[in-house]
Amino acid sequence: MRITAEIEVWPLQAEFRIARGTKREAAVVVAIVERDGIIGRGECTPYARYGEAPEATRDAIRAVPVAALAGVNARATLQSLLPPGAARNALDCALWDLAAKQNAKPVHVLAGLPPPQALLTAYTISLDRAEVMADRAAAVPDYPLLKLKLGGDGDPERLALVRAARPDARLLADANEAWRPDMLDGHFAAAAAAGVEVVEQPLPAAADGALADRRWPVIVCADESAHASAGLEQLTDRYGAVNIKLDKTGGLTEALAMASTARELGLKIMAGCMVATSLSMAPALLIGQGADWVDLDGPLLLARDRAPGLDYAGAQISPAAAALWG
């Protein structure tokens, strides 16, 4: 067996802005696991919010001892070798891809899941002035589910103007930890008035106790506060949903376990992603099959996607072909 990892940089169509900053390109790390001439691939997006960087992520993958992953329980062993995060995600997904190709069976069969179906993904409107976000929402009439990146001050106006521009659209909102406790009542009221279905991570993860034991008018979804199954039960007093991203869970293996735990706890599920190529989205589509909301539009934000990539017909994503992953 051989393990390699490389950094790739993919330009974006336009600047992508959230409350924490702006990006113009997506830096991803691709892990390749090769055995007997068969190759498995996985992709991750290191995220500075979690202390990750592309070079360190690449090096962490390269440093995994090959012998430790040579057995039949390679994915289980990996869970103890690396913590949840981007590096483990790329390797875990590469091992799933390798197993699918070795066994000539798709990953959903190996995982005991039903055949995947096409999914409706949200399309993200990045943070900007209210009128700019409204114009962008109006310019994508073929996307019936929009995710609005919010920034704290000015969010009620953003929500109202986008709703006026797209009265037909379903709306999701993502504050990326930008709200303050004193904003909660007014901002949630504005979200409810705009018909928003769910608000992601309104408060910083370290301060989300202010959400506890309140009945908010919109479902609140944990993102930065929830990384894996461990600790999920302790969040149920403040969140009604959880965003499951493979780059947080450390791969499909833990993401499937986290989805199961979330359902047992009565939490709704969003299948989410970082900005990345179709190679990142392909395994996440399996989480999307049972999700209440799917937000896997990363490749739509790129200037170009890898080939072969996923088939996006507007907001509809078809299951991945084996030539891409799984």
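A: Helices α6 and α7 are roughly parallel to each other, a term used for angles under 35 degrees, with over 145 counted as roughly antiparallel, 65 to 115 as roughly perpendicular and the rest as oblique. The model is predicted, so local features need pLDDT of at least 70 and side-chain atom pairs count only at pLDDT 80 or more, while totals for chains, interfaces and linings use all residues. Residues are numbered from 1 along each chain as its sequence is written, and side-chain values use heavy atoms, with hydrogens and water left out.

Helix α6 covers residues 155–165 and helix α7 residues 184–193; helices (H or I, at least four residues) and strands (E, at least two) are DSSP runs numbered from the N terminus. The axes of α6 and α7 come within 9 Å and cross at roughly 0 degrees. Axes are lines fitted to C-alpha atoms, for helices over the stretch in contact, and angles run from 0 to 180 degrees between N-to-C directions.

On the α6 side, Asp 155, Pro 156 and Leu 159 make the contact, and on the α7 side His 187, Ala 190 and Ala 191. Contact means heavy atoms within 4.5 Å. Sorted by class, this contact has four nonpolar, one polar and one charged residues. Here Ala, Val, Leu, Ile, Met, Phe, Trp, Tyr, Cys and Pro count as nonpolar, Asp, Glu, Lys and Arg as charged, and the others, Gly among them, as polar.

Asp 155, Arg 158, Leu 159, Val 162 and Arg 163 are the buried residues of α6. Buried means under 20% relative accessible area, exposed over 50% and partly exposed in between, with a 1.4 Å probe and protein chains only. Seen down the axis of α6, these buried residues fall within an arc of 125 degrees, so they line one face of the helix; the arc is that of the directions from the helix axis to the C-beta atoms. They pack against α5 (130–138), β6 (145–149), β7 (170–174), α7 and β8 (196–200).

Strands β6, β7 and β8 belong to an open sheet of eight strands in the order β5-β6-β7-β8-β9-β10-β11-β12, with parallel pairing. Two strands pair if DSSP finds at least two bridges between them. The edge strands, β5 (123–125) and β12 (293–294), each pair on one side only. Three bridges join β8 to β9 (residues 219–222), where Ile 219 is the bridge partner of Val 198.
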